[in-house]
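Dear colleague,

I am handing over the structure below, and after it you will find my notes on what turned up in it. Please read them with the model open beside you.

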Amino acid sequence: MDSPLFTLRPLPRSGERRQRRPEGGGTRAARWILPGNSGSISSPVRNPTKTRYRVPMPPAQTKREDQRIAKLLARAGVASRREVERMIAAGRIAIDGKTLDTPATLVKSLHGVTLDGQPVGQPIPAKLYSFHKPAGVLTTERDPKGRPTIYDKLPKGLPRLMPIGRLDLNTEGLLLLTNDGGLKRQMELPSSGVERIYRARAFGDISQEQLEGLINGITIDGVRYGPINANLERRTGRNQWIELKLAEGKNREVRRVLEHFGLQVSRLIRTAYGPFYLGDIPKGGVEQVRQHDLVKFRQSLK
């Protein structure tokens, strides 16, 4: 008589010691042993008297989702979403030879997309760079008055990059740059809770107790600023260095808060943005963030 294809292990008889039930409860798995093979197939069935098993299903095919063309073009490094919208309005972008008339067009890829008649490359992976912005440089692409911008200071050979947040003309320190508009938006949103750290050199009189009151936020001229963790680092006469940690980053927030206390800010440096620090990057210098660190950080964003 041919041996059966599957042999079911017998259940323990009445009075015999049963195996301990797995922690966490649930259904015990019945196990079938293949003759001549030490392997087994487990299936969580409630009735082990029925010979049945489960065949592993092939992994589901991942469908590429439609995305707005402006988003994909920004990721491909063509321009920012806002600039892409202007390009579309000017009739410079087409798909398969047909000129687009709306940035809301949905596509799965950039296949067949052209800019001024030239094919557009596919989006590249997100990249993040740490730039030590000097004072006296604007965080913008171009200035009508001809003042120097960060793009005048960046080394040649970098991909097209967008600043994450802004540092005003006289503020120096860490400015993060990325080629990914989605990452830029994630990090800038107050709801993401990404902490910024600043060091300010200020002249005037202020106590640690006054600074500690900022932890509850403050309203100045009708503008509400969120919690700020501020601490005196050192003081020489009426000059002091103050460290401030905040998660909002409103326009000129640090300067306005300190000026509200009658302090004159003579120097302002951003030393950190999230887990990324200025460190010893020289003024005008750029360092790329390791891809592993970037992926880990994106997974931690809210």
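Strand E10 (128-133) and strand E12 (172-178) run antiparallel and are joined by six bridges, where strands are DSSP runs of type E with at least two residues, helices are DSSP runs of type H or I with at least four residues, both numbered from the N terminus, and two strands pair if DSSP finds at least two bridges between them. Within this pairing, Leu128 has Thr178 of E12 as its bridge partner. E10 also pairs with strand E20 (residues 286-288), again in the antiparallel sense, over three bridges, and there Tyr129 stands opposite Gln288.

Before going further, please bear in mind that this is a predicted model, in which local features need pLDDT of at least 70 and side-chain atom pairs count only at pLDDT 80 or more, while totals for chains, interfaces and linings use all residues. Residues are numbered from 1 along each chain as its sequence is written, and side-chain values use heavy atoms, with hydrogens and water left out.

Is E10 enclosed or open to the outside? Six of its six residues are buried, so E10 is largely enclosed by the rest of the structure; buried here means under 20% relative accessible area, exposed means over 50%, and partly exposed is in between, with a 1.4 Å probe and protein chains only. Both faces of the strand are covered, with Leu128, Ser130 and His132 buried on one side and Tyr129, Phe131 and Lys133 buried on the other.

A nonpolar core is a set of buried Ala, Val, Leu, Ile, Met, Phe, Trp, Tyr and Cys residues joined through side-chain atoms within 4.5 Å. This core has 29 residues, of which Leu177, Ile242, Leu244 and Leu258 touch the most other members. Leu258, for its part, is in contact (heavy atoms within 4.5 Å) with Ala200, Ile242, Leu244, Leu263 and Val265, leaving aside residues up to four places away in sequence. A second, separate core of 18 residues includes Leu176, Ile281, Phe297 and Leu301. As a general point, nonpolar side chains in soluble globular proteins tend to be buried together.

Phe297 brings us to the aromatic rings. Rings of Phe, Tyr and Trp (its six-membered ring) pair if their centres lie within 6.5 Å, with planes under 30 degrees apart counted as stacked, over 60 as edge-to-face and the rest as tilted, and by this rule there is one aromatic pair. The ring centres of Phe276 and Phe297 are 5.1 Å apart and their planes stand at 75°, so this pair is edge-to-face. Because Phe276 belongs to strand E19 (residues 276-277) and Phe297 to helix H7 (residues 291-300), the pair ties together parts that are 21 residues apart in sequence. Both Phe276 and Phe297 are buried.

Helix H7 also holds Leu294, which counts as buried at 2% relative accessibility. Leu294 touches Ala126, Lys127, Leu128, Leu183 and Val289, again without residues up to four places away in sequence.

Two rings have a charge over them, which requires NZ of Lys or CZ of Arg within 6 Å of the ring centre and within 35 degrees of the ring normal. The charged end of Arg199 sits over the ring of Trp241, 4.4 Å from its centre, and Lys250 lies over the face of Tyr225, 5.5 Å from the ring centre.

Finally, a search of the whole structure finds 15 salt bridges, each being a side-chain nitrogen of Lys or Arg within 4 Å of a carboxyl oxygen of Asp or Glu. Arg255 and Asp168 meet in one of them (3.4 Å, N to O), and this pair links distant parts of the chain, with Arg255 in helix H6 and Asp168 in the loop between strand E11 (162-164) and E12, 87 residues apart. Arg255 counts as buried, at 8% relative accessibility, and a network of salt bridges links Asp168, Arg252 and Arg255. Arg238 forms a salt bridge with Asp205, the closest N and O atoms being 3.1 Å apart. Here Arg238 is partly exposed at 41% relative accessibility, whereas Asp205 is exposed at 53%.

With best wishes
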